[in-house]
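Here's a quick look at a protein with a ligand. Which residues sit around the ligand, and how is the chain as a whole laid out? Have the model open as you read.

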Amino acid sequence: MDNDTQLFLEQLDDAINAATIDKTEIKKILQQCKRRIKRFDTILKQSDKQLSMQVHQLEQEFELRVNNERILAQQAKHAAMGEMMDAVAHQWKQPLNAITMLTDLLLMEYKEDKVDEAYLETYKKILWEQINHLLNTLAEFRSFFRPDKEKKHFNLYRAINSVLLLVKDEFMKEMITIKVTGDETAAIYGVENEFKHIILNILNNAKDAFNEKDIHSREMTCTIEQNSENVMLKICDNAGGIPLSVIKDIFKPNITTKAEGKGTGIGLYMSAQIAEKMDATLTACNTDRGACFTFLAPIHTKNTIREEIL
Ligand SMILES: Nc1ncnc2c1ncn2[C@@H]1O[C@H](COP(=O)(O)OP(=O)(O)OP(=O)(O)O)[C@@H](O)[C@H]1O
Ligand SMILES: [Mg+2]
């Protein structure tokens with residue numbers, strides 16, 4: 001209540017108490033009341049208008065942010081898909097070459113009259129091995145991009161290895177060896193396919209760094225450790241480290257040191273977002289050999305998950 005209103009009410013109170021009020025006095029007070037109510041009404045309407053304008057502005061900003069996040073996520077997914085297609089193409093090259101060679105061989109052996117039932121049996125077995133390899137890669141690729149939104153416990157060691165299965169040939173061609181060591185039983189909680197994108201982003205960044213700096217002996221290590229509270233995954237390389245000019249900002253969007261068309265700067269931003277959704281953290285540092293990424297996730301016991309659901 002403002003001072004004027006307070007004073008006015010006191011005056012009104014005094015007048016009533018003194019009981020000296022006459023008709024004209026009452027009319028005067030009523031007029032004052034009406035003016036005051038009108039003034040408050042205008043102020044209220046103005047504040048209401050201002051408030052709804054602010055709410056509208058906030059809604060628009062929120063919508064814009066959600067939209068931007070969606071576009072970034074979509075871009076990151078497309079980039080990952082492109083990189084993965086390259087990896088799959090490498091993975092398919094070798095079995096496809098083998099199948100082509102086998103068909104040529106079959107014709108040659110047939111002309112030399114060497115093809116009998118036993119020959120065809122062996123031939124079929126070899127052919128199926130190659131076809132199975134193609135099918136396995138395809139199945140893994142499809143599962144990687146399935147919009148699987150279900151959070152569950154999954155084995156960290158197996159999740160890493162299923163990404164490695166897809167990029168194996170590509171990394172072999174680039175002469176990068178990747179060693180996975182540590183606790184093979186550790187489980188973390190989240191959407192497994194989303195987590196695999198973190199691994200893929202870190203692996204691809206290391207591959208780019210090896211090529212940029214032209215490193216010859218290329219090594220990566222993935223180490224899993226767990227205690228009663230956390231699961232920790234460390235992925236390190238010997239590619240010389242993250243440039244100091246960007247190291248503080250690499251988890252922000254659009255931070256890249258790569259030439260246009262080679263990097264958009266979304267990979268690590270998306271990875272950090274995925275980690276956050278898992279209540280985990282993703283951090284990076286440089287060692288004397290190269291970059292080291294640490295993914296630290298809390299152990300969700302069955303009880304804490306039940307509490308979350310409730
Ligand atoms: N292992 C690494 N070694 C050296 N620098 C790295 C490594 N990982 C990341 N970086 C640096 O961090 C930057 C950001 O990485 P981020 O994955 O977010 O984007 P990007 O790889 O440039 O583009 P993209 O969106 O295609 O992934 C990179 O441009 C690079 O400078
Ligand atoms: Mg990247």
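## Around the ligand

Ligand 1 is surrounded by 24 residues, the closest being Asn 205, Thr 256, Gly 263, Gly 267 and Leu 268 (a residue is near a molecule if its C-beta atom, placed from the backbone, lies within 6 Å of it). Helix H5 (192-213) and helix H6 (267-277) are the elements that give two or more residues to this shell, and H5 gives the most, with 4 residues. Helices here are DSSP runs of H or I, at least four residues long, and strands are E runs of at least two, numbered from the N terminus.

By type, the shell around ligand 1 splits into 13 nonpolar, 9 polar and 2 charged residues. Ala, Val, Leu, Ile, Met, Phe, Trp, Tyr, Cys and Pro count as nonpolar, Asp, Glu, Lys and Arg as charged, and the others, Gly among them, as polar.

## About the model

This is a predicted model: local features need pLDDT of at least 70 and side-chain atom pairs count only at pLDDT 80 or more, while totals for chains, interfaces and linings use all residues. Residues are numbered from 1 along each chain as its sequence is written, with chains lettered from A and ligands numbered from 1 in the order in which they are written.

## The overall picture

The protein has 7 helices and 7 strands, running α-α-α-β-α-β-β-α-β-β-α-β-β-α from the N terminus. Its radius of gyration is 34 Å, well over the 19 Å that the globule rule gives for 310 residues, so the protein is more spread out than a compact globule. (The radius is taken over C-alpha atoms; the rule is 2.2 Å times the number of residues to the power 0.38.) The C-alpha trace spans about 130 × 45 × 45 Å along its principal axes.
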